[in-house]
Structure formats: C-alpha cells, structure tokens
Amino acid sequence: MIPVAPTLPDLEPYRRRVSEAMQQPVSDITADATLAEIARCMSDMSHGALLVRDQYGRHVGILTERDITRALGRDGAAALRLTAADLMTQDVVAIAETAFLFRAIGRMRRLNLRYLPVTDSAGRYTGMLTARSLLRLRAQDSQMIADELDVAQTAAELGHARAALPHLAATLLSEGSDAPAVAAVISGIYADMTARAAAIVEAEANLAGNPAPAPWCMLILGSGGRGESLLKPDQDNAIIHAGSTEDDGWYARAGERIAALLDSAGIPFCKGGVMAKNTAWRGSQGQWRARVTEWIARHTPEALLNVDIFYDLQPVYGTLRLGESLRTEALAAARNSPLFLRLLAEQSAQLHPALGLFGQLKADADGRTDLKLGGLLPLVSGARLMALRLGTAATSTAARLQAVGQAGLIGDSDIAGLISSHGLLLDLILRQQIADLAAGLTPGSRIDLASLQRRQRDRLKAALKHVSLLPDMVQGVLTSATTPGSGKPS
C-alpha cells in the first residue's frame with residue numbers, strides 16, 4: 001500500500017532547480033579586506049553575503065551581514081581593524097545548482113541560513129540563494145521529505161525519503177507535472193541517498209582512524225545517472241579514486257558498506273552486480289582508463305552491456321572532478337572508435353518495441369506488456385549511442401536527443417516525436433507502478449493494457465512505431481561525417 005502522507009500544498013520547489021532561483025555571478029572579497037571595506041562592498045552590490053577568496057583566488061569562507069553586526073556588537077570600534085579572514089565562516093555549506101529547490105529550502109531552514117552558496121558539478125561557486133528569493137516558495141514541514149538525508153546516520157533514516165516517494169510522485173502527477181520531471185525528482189532523491197550513504201561510510205572510517213587513502217568519488221550509473229529513475233530502484237554505482245591498486249581494500253570495504261546501507265534503506269542490490277562493492281566497478285583513475293579501453297577494444301557482449309550502464313554516469317559524492325574527468329576521457333574513447341559504435345548499434349537494433357503484426361500492442365498471457373524492455377530500452381539505448389557519436393556529455397535521454405537535433409542530423413519532427421514517446425513511456429510505467437503499489441503489488445515496468453483508454457492505446461502504438469524507426473536514425477547519425485569536437489556536420 002502507498003503510505004498515507006501529509007498533503008503537499010506547494011509543489012513548486014519540486015519543479016524548479018536551484019539554478020533557476022540563484023543570484024549570479026557570485027560576489028566575493030579578498031581575505032585581507034577590512035570590515036569597512038566589506039560593509040562598503042555589500043552596500044554597493046546590495047548583497048548580504050560575500051564569499052572570501054585567498055591570495056590564490058580560492059574561495060575559503062563566507063561572510064554575511066550577521067557576521068558584521070555580531071563583530072560590532074562584540075568588539076565595538078575595535079572591530080574595524082578586523083579582516084574578512086577574521087570574520088568569515090570557514091566551513092561553507094553549499095548546494096549544487098542542479099538540486100531541486102525543496103532541498104535548498106530544507107537545508108536553509110534546518111541550519112537557519114539566510115544565504116546558501118551554489119556550486120557547479122566541479123565544485124566551483126556559481127551563485128547564491130537568499131532567504132528573500134525563496135520567501136514565496138516557503139515549504140511546509142511535510143515537504144522536507146529529503147532534507148533529513150543531510151543528517152541521516154542509519155539505513156532507517158535514509159529510508160524515510162524512499163518511503164515517501166510513491167505519494168510524492170502521485171501528487172506531482174495529479175498536479176500536472178510531466179513524468180520526466182517526476183522521474184528527475186525521484187532520481188535526485190536516490191542520488192542524495194547514495195551520496196549520504198557514502199558520507200556515512202567515510203565518517204565511520206575517519207572516526208575509526210582509518211581515513212580514505214586517497215581522494216575518491218562515488219558515481220551513480222544507469223537510470224539514476226540519466227535522471228530517469230522510477231519507483232522500482234536498484235543500485236547501479238561505482239567508485240573512482242586517486243590512489244593505487246594497493247588501496248583497493250579500503251574502497252572495497254566502503255563499497256560493501258554503502259551497498260548494505262542502501263539495500264536496507266529500500267534501494268536493493270543490483271541483480272547484475274553493478275555496484276562498487278564488486279571489483280569490476282571500482283578502481284583508480286588508471287584502472288578505469290584501462291577498463292574503458294578494454295571494453296571498447298574487446299567488443300564482447302559483456303563489454304557492450306557494461307557500456308550501456310557506464311555511459312550514464314554522474315558523480316554524486318567526494319572529489320567530483322574525478323568522475324567528471326573519467327566521463328570526459330570515456331566519451332572521447334568511444335567517439336574515436338567507429339567499430340565499437342557500430343557494434344553497439346547492432347546490439348541496440350536487437351531491442352524491438354512491443355508491437356506485433358499489423359502494429360498491434362503485444363501482451364503477455366496476463367494482458368500486460370513490458371514497456372521498459374519493449375519501449376524504453378531501445379529508445380534510451382539509441383539516444384545514448386547517438387550522443388556517443390557526437391561526443392556530447394548530456395546524460396538524460398531528452399537532452400541527448402536534443403543534441404542530435406541541434407547538430408542537424410535528425411529532423412526536428414522526429415526528435416520531437418522521440419522525446420514525446422519517451423515521456424509517454426515514462427508516464428505509463430510510473431502510473432502503473434503507483435497503481436500496483438496501491439494494490440499491494442510489487443511495482444515493475446509491465447503495463448496492464450486493459451487499464452488504458454482507447455486514446456492512450458493509440459498514443460502508445462504511435463510512440464512505439466516511432467521508436468521502431470530508431471535503428472535507421474542511428475545508422476544515419478553514425479555514418480554522418482562530423483567535425484571533431486563540434487557536434488556539427490562537416
């Protein structure tokens with residue numbers, strides 16, 4: 001049964017991302033600036049918070065108007081001799097620009113913050129959220145289903161957010177959010193759970209006097225990396241680190257502990273073993289480089305399957321640049337191997353939409369059809385393959401298709417049709433999962449065709465027919481000559 005949860009009166013924070021509400025660019029000041037200079041800068045820029053940069057240009061702290069008034073109240077006129085380095089808070093609490101606003105609102109409320117710096121995927125500060133800018137989006141306690149992840153210490157605490165997702169998904173759909181947007185929210189919470197599990201494990205190791213031997217990064221793969229997870233998750237994750245092969249023991253134990261925490265929290269072990277606790281899915285930068293090279297060179301079915309999962313990677317915890325660098329290198333390696341891409345295309349062409357003779361929908365004996373196997377997989381695979389050919393770093397299916405369209409390799413109407421088809425497939429699977437959970441059934445990707453109205457069935461047929469055209473589109477993209485690095489036809 002879907003657990004009864006409080007109503008969610010304001011869904012806007014679940015629809016918008018931090019990047020849409022932040023002030024930018026970020027304002028800063030040198031560490032040796034005096035209090036008078038700080039106050040003047042805040043007044044001139046009309047900003048109540050400044051980041052502090054050291055002599056090398058690195059941001060090393062944050063200053064707010066409260067810090068100034070506190071210093072004046074404590075030290076009086078003597079405070080005028082203090083510098084930004086004296087007044088700043090060194091431990092800067094920040095949030096990623098891709099996070100949903102409900103995460104930012106909850107973090108600011110819990111920590112009583114009026115200003116929250118924003119970072120990009122490489123950890124660079126790109127903007128600032130203010131309490132004033134978020135005032136209209138004030139969220140009630142019932143909406144903060146994921147902020148507790150920031151302080152979770154146990155699997156049970158991690159699982160609270162997971163348990164609330166079916167109700168949240170149903171509410172978002174009923175209020176008009178489309179399925180890709182809902183999937184992005186769900187994926188974001190799964191990613192937060194993975195990141196928090198990694199943080200818990202690292203903190204445990206530090207407390208035991210056994211810190212990580214080198215910087216490391218937790219990655220999520222598959223649908224989580226694409227931002228397209230629904231209500232039947234599993235673990236697809238990996239670890240990359242800057243250490244040596246001799247350091248593997250620490251990361252093996254970390255991967256094992258992270259996997260156990262997530263499983264207990266409601267994200268089950270991956271049946272295919274795609275988890276950092278397994279040797280094939282963790283390693284140093286050099287090991288990953290060799291692994292990707294081997295996948296591309298060997299052309300085995302296992303290697304091709306690994307690629308399908310791997311190229312959706314997103315770094316979620318730790319030294320994020322390690323994950324970003326891995327993705328950049330891997331994209332270049334795939335794009336520069338036409339034979340590899342051709343073999344991937346042949347494999348993708350074996351995935352057929354769930355259509356029978358005369359374009360009728362295929363159904364099992366129980367009247368259901370698997371829209372993941374017979375719809376999403378061929379579409380997601382085709383979009384990924386074309387993105388690899390272009391060398392685009394996009395991971396979501398829609399963004400990959402848009403990149404292909406912008407390169408002029410597929411017509412606008414076909415791109416729009418594929419994106420619409422992807423949204424419809426996600427919508428039908430998600431609604432079926434919600435219905436199955438309400439009926440006490442295990443959610444999956446098999447749709448009860450009898451539950452669809454005639455118009456829905458017609459739309460589904462049209463979507464699957466569009467997906468059936470993908471192999472020809474993929475071949476067209478693979479054979480199109482492109483200028484290296486441009487993504488544009490030459």
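Leucine 168 has its place in helix H7 (residues 155-174); helices here are DSSP runs of H or I with at least four residues, strands are DSSP runs of E with at least two, and both are numbered from the N terminus. At 3% relative accessibility, leucine 168 counts as buried, a term that means under 20% relative accessible area, while exposed means over 50% and partly exposed lies in between (1.4 Å probe, protein chains only). Leucine 168 is 101 residues from aspartate 67 in sequence, and the two are 38 Å apart in space, C-alpha to C-alpha.

The model is predicted, so local features need pLDDT of at least 70 and side-chain atom pairs count only at pLDDT 80 or more, whereas totals for chains, interfaces and linings use all residues. Residues are numbered from 1 along each chain as its sequence is written, and side-chain values use heavy atoms, with hydrogens and water left out.

Isoleucine 29 has valine 52 as its bridge partner in E2. Between these strands the chain passes through helix H3 (residues 35-45), and this β-α-β crossover from E1 to E2 is right-handed; that is, with the strands pointing away from the viewer, the path from the first strand over the helix to the second runs clockwise. On E2 and strand E3 (residues 59-64), which run antiparallel, there are 5 joining bridges. Valine 52 takes part here too, with glycine 61 as its bridge partner in E3. The hairpin of E2 and E3 has 5 residues between the strands, and glycine 57 takes a positive phi near 85° in it. Strand E2 (residues 49-53) is mostly covered, with 4 of its 5 residues buried.

A further strand, E6 (residues 125-130), contains threonine 130. Threonine 130 is buried, with a relative accessible area of 7%. Its contacts, leaving aside neighbours within four places in sequence, are Gln23, Met108, Arg114 and Tyr115, contact meaning heavy atoms within 4.5 Å.

The interior can be described through its nonpolar cores, each a set of buried Ala, Val, Leu, Ile, Met, Phe, Trp, Tyr and Cys residues joined through side-chain atoms within 4.5 Å. The largest has 114 residues, and those with the most contacts inside it are Phe310 and Tyr311. Helix H8 (residues 179-207) gives the most to this core, with 16 residues. Apart from it lies another core, of 15 residues, among them Ile38, Ala71, Ala84 and Met88. Beyond its neighbours within four places in sequence, tyrosine 311 is in contact with residues including Val292, Ile296, Leu331, Arg384 and Arg400.

Arg384 and Arg400 also belong to a network of salt bridges that links them with Arg226, Glu228 and Asp312. Arginine 226 forms a salt bridge with glutamate 228, the closest N and O atoms being 2.9 Å apart, and both of these residues are buried. The side chains of aspartate 312 and arginine 226 also meet in a salt bridge (2.8 Å, N to O). Because aspartate 312 lies in the loop between helix H12 (301-310) and strand E10 (314-318) and arginine 226 in helix H9 (residues 222-226), the pair ties together parts that are 86 residues apart in sequence. Aspartate 312 is buried, as is arginine 226. The count of salt bridges comes to 20.

The count of disulfides, by contrast, comes to 0, a disulfide being a pair of cysteine sulfur atoms within 2.5 Å. Cysteine 217 is in no disulfide, and the nearest cysteine sulfur, that of cysteine 270, is 19 Å away. Cysteine 217 is buried, with a relative accessible area of 0%, and cysteine 270 is buried at 9%.

Conventions. Pairing = 2+ DSSP bridges. Salt bridge = Lys/Arg side-chain N within 4 Å of Asp/Glu carboxyl O.
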